[in-house]
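Please take a moment with the sequence and the model before reading on. The paragraphs that follow move from single residues to the chain as a whole.

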Amino acid sequence: MKWTLQQLLKINKFPLEFDFEIDFKEDIKDIEDIYDIEPTKVSGKLYLVDDNAYRIVYHIDTILTLQCSLTLEPVDYYFEEDYDDIFSTNPDDDAYPIENNTLDLRQIVWSNIIIDKPISVTRDDAYEILEKRGIKLGEEPILDESETVLSYSDGRSTESEDEN
């Protein structure tokens, strides 16, 4: 959603309510852990702060298909967050800039999704999938006679380390 400064100056009744969808399919092509994204719903209100600043209180709602941190299989993650941002032609540390005489909410929404998506997610059936693959987490590996453990640490210091 974009508003030019000329459009914003013509608004005579604040807050201005908005509700729209953004398609970020092209934006995820370079992001390895996002497999897919549904159309993103953005709704909220635009407030006039002063002649140079606007406050936008908005809600983002979408479904991301992310990579399961255990199985690397796709997992749907429901992303829903609320935001409250200030945009200004004279930005400071608390405000986003209004660049090229346009308040563009699209890039800010995308940045918020990337920043606030979880670092890792796990499928509900991850342990069952791993078990079918012959992987059991939390157990010591069973080695063949031909295999050896090169080093092992239980996290405790040895006596010789304590003496030094």
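## A walk through the model

Asn100 is found in the loop between E7 and strand E8 (102-104), where helices (H or I, at least four residues) and strands (E, at least two) are DSSP runs numbered from the N terminus. The model is a predicted one, in which local features need pLDDT of at least 70 and side-chain atom pairs count only at pLDDT 80 or more, while totals for chains, interfaces and linings use all residues. Residues are numbered from 1 along each chain as its sequence is written, and side-chain values use heavy atoms, with hydrogens and water left out.

Asn100 has a positive phi of about 55° although it is not a glycine, and Asn101, which is found in the loop between E7 and E8, has a positive phi of about 60°, again without being a glycine. Most residues other than glycine have a negative phi, and most peptide bonds are trans. Asn100 is exposed, with a relative accessible area of 73%, whereas Asn101 is partly exposed at 45%; here buried means under 20% relative accessible area, exposed means over 50%, and partly exposed lies in between (1.4 Å probe, protein chains only). The backbone also holds a cis peptide bond, from Phe14 to Pro15, with omega near 5°, and Pro15 has its place in the loop between helix H1 (5-10) and E2.

Strand E7 covers residues 95-97 and includes Ala95. The relative accessible area of Ala95 is 14%, so this residue counts as buried. Ala95 and Ala53 are 42 residues apart in sequence, and their C-alpha atoms are 8.4 Å apart in space. Ser88, which lies in strand E6, is likewise buried, with a relative accessible area of 6%. The side chain of Ser88 reaches the backbone oxygen of Asn52 at 3.1 Å, which can be read against the definition of a polar contact: a pair of N or O atoms within 3.5 Å, where within protein one atom must be able to donate a hydrogen and the other to accept it, and where residues adjacent in sequence count only if both atoms are side-chain atoms.

Which residues gather in a patch of negative charge on the surface? They are Glu80, Glu81, Asp82 and Asp116. Strand E6 (residues 74-88) supplies the largest share of this negative patch, 3 residues. Asp82 has its place in strand E6 and, at 57% relative accessibility, counts as exposed. Patches of this kind are made of residues with over 30% relative accessible area and no salt bridge, with like charges joined within 9 Å; Asp and Glu count as negative, while His and the chain ends are not counted.

Side chains of opposite charge can pair when their charged atoms come close. With a salt bridge defined as a side-chain nitrogen of Lys or Arg within 4 Å of a carboxyl oxygen of Asp or Glu, the count comes to 7 salt bridges. One of them joins Glu26 and Lys29, whose closest N and O atoms are 3.1 Å apart, and both Glu26 and Lys29 are exposed.

Another salt bridge joins Lys117 and Asp33, with 2.7 Å between the closest N and O atoms. Lys117 lies in the loop between helix H2 (105-116) and helix H3 (126-132), and Asp33 in the loop between strand E2 (16-22) and strand E3 (34-37), so the pair ties together parts that are 84 residues apart in sequence. Lys117 is buried, with a relative accessible area of 13%, whereas Asp33 counts as partly exposed at 23%.

Arg133 and Glu73 also meet through their side chains in a salt bridge, at 2.8 Å from N to O. This pair links distant parts of the chain, 60 residues apart, since Arg133 is in the loop between H3 and helix H4 (159-163) and Glu73 is in the loop between strand E5 (53-67) and E6. Arg133 counts as partly exposed at 42% relative accessibility, and Glu73 is partly exposed at 30%.

Finally, the chain as a whole can be considered. The protein chain has 4 helices and 8 strands, and along the sequence these follow the pattern β-α-β-β-β-β-β-β-β-α-α-α. Of the 164 residues of the protein chain, 30% count as buried.

Methods. Patches are made of residues with over 30% relative accessible area and no salt bridge: like charges are joined within 9 Å, nonpolar side chains (Val, Leu, Ile, Met, Phe, Trp, Tyr) within 5 Å. Accessible areas come from the Shrake-Rupley method with a 1.4 Å probe; for residues, only the protein chains shown count as cover. The place of a charge is taken as NZ of Lys, CZ of Arg, CG of Asp or CD of Glu.
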